[in-house]
Amino acid sequence: MLYKKDPKLLKQLQYCEDTGIPLAAIVGEQELTDGVVKLRDVATRVEGTRDYSPKQMAIRERVFNAIISCFKRHGAEVIDTPVFELKETLTGKYGEDSKLIYDLKDQGGELLSLRYDLTVPFARYLAMNKITNIKRYHIAKVYRRDNPAMTRGRYREFYQCTSAALGWVFQCHFTCVTYTGSGTFLTEAALAQLPQDFDIAGQFDPMIPDAECLKIVHEILSDLQLGDFLIKVNDRRILDGMFAVCGVPDSKFRTICSSVDKLDKVPWEEVRGEMVGEKGLSPEAADHIGEYVQLHGGLELIERLLQDPKLSQNKLAKEGLGDMKLLFEYLTLFGITGKISFDLSLARGLDYYTGVIFEAVLLQQENEHVEEPVSVGSVAGGGRYDGLVGMFDPKGRKVPCVGVSIGIERIFSILEQRVEASEEKIRTTETQVLVASAQKKLLEERLKLIAELWDAGIKAEVLYKKNPKLLNQLQYCEDTGIPLVAIVGEQELKDGVVKLRVVATREEVNVRRESLVEEIRMRTSHP
């Protein structure tokens, strides 16, 4: 107990952390009324967040490297933005998801919020700096006040990876998001757990940057070998045109779009019930929508819809279908149409999308009797947002943008489970060689040799003991995956050589000291 009459709770909890006390028994007026004591585990983390062990970080690094390598292969530059923004910058951009934004306590007159994604801060960055052409990627944390589902890779705080382009912005974000418990499970929230963004911004010919975004998603998911996947594509103009011809009032477009966005999680009957019972749409309009949103296919479907007596008379739908046809022609040239599906149920709930939208899902064949594989979760998503930058420009100048966000957290959860199931041994360091000694009183020689290796850029370790047993040093290499051991002994010092041992085969060779660096590089280089 602290010897204070009215100690602050925060100071009492801090005392527990400082002294290692694992539990705090908290009494308050409500607890006294109820006859209970609130027991708090001091050592627990905030719900929806997690710590990462060296093994887990090694897996994450593999994923990050694969994604960043792809972004760079496509010529993207990297940027960064603050973790918090003015609240007015973020509000009004996410539709029904706006309630998931984390607000910060007002301490200096400014209303601030933690970033919800990387796309809106990117648009603000472009407008402030008057940038009209860029291809960029961004890897950072984002935060969302949602109910976490940590076993499915959904967190309150997570990395998002996005890429985008301007002029037709090609955006790629690596984002980290946070949830607080609203009870809502949204497709966009799941996708944000992807931590990497890639965007293209600028004025380019139609559908070329959009096709590259889809190619990037295809390359990343293929490289990571997550299993079978499908990239669904649609266009906001097609959706709006469809709503119009089905009799949806203009004022209900966005809220009905939000309902359609749930079709990947719940059956059409439930979505229809929400449209009619909760959002006041006529049953006839809902039935007309149902005729369209259950369609999916490729170029043949696009051609058929271009001849549809209703959609062909709607300007927005006709424009969207024309661009979708062009997009599929480019995707055919890229050789990836086998993994692409034009899906009229794809809506994506964010307000800032203006054209093509897409979402990548992993597929799972439940059994041999199932004709079509089922989706087991979104791992990437994005689309075109041509009007977002203009919201931040004093003159309202628009910069066309298209981007993709990779779901890092969900991908990481999948790979982590796979590693656990296979009992694969994961190296958590990149150490190339351990400097060891065969006899006692050779610490000075070990330190001299390891200094030479470090200065030459070799990744090396030494045990922090004066006289370690050789067997213990070799076992350390076995346990940590270090491939080589450089052994110094009295005879080696006399002969001017170092005994280099290959841990996996136990092969030993004497190497001249002046040739040791090159020998280590040669034996640890990867083709």
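Two residues are in contact when heavy atoms of theirs lie within 4.5 Å. The model on screen is predicted, so local features need pLDDT of at least 70 and side-chain atom pairs count only at pLDDT 80 or more, while totals for chains, interfaces and linings use all residues. Residues are numbered from 1 along each chain as its sequence is written, and side-chain values use heavy atoms, with hydrogens and water left out.

Start by selecting Leu434. This residue sits in strand β16, residues 433-437 (strands are DSSP runs of E, at least two residues; helices are runs of H or I, at least four; both are numbered from the N terminus). Is Leu434 buried or exposed? Leu434 counts as buried because its relative accessibility is 0%; the cut-off is under 20% relative accessible area, with a 1.4 Å probe and protein chains only.

Next, show what Leu434 touches. Beyond residues up to four places away in sequence, its contacts include Val462, Tyr476, Cys477 and Ile482. Pick Val462: its C-alpha atom is 5.7 Å from that of Leu434, although the two are 28 residues apart along the chain.

Now move to the largest nonpolar core, which has 101 residues. Such a core is a set of buried Ala, Val, Leu, Ile, Met, Phe, Trp, Tyr and Cys residues joined through side-chain atoms within 4.5 Å. Helix α3 (residues 54-73) gives the largest share of this core, 9 residues. Select Phe243, one of the residues with the most contacts inside the core.

Notes
Buried < 20%, exposed > 50% of the residue type's maximum accessible area, 1.4 Å probe, protein only.
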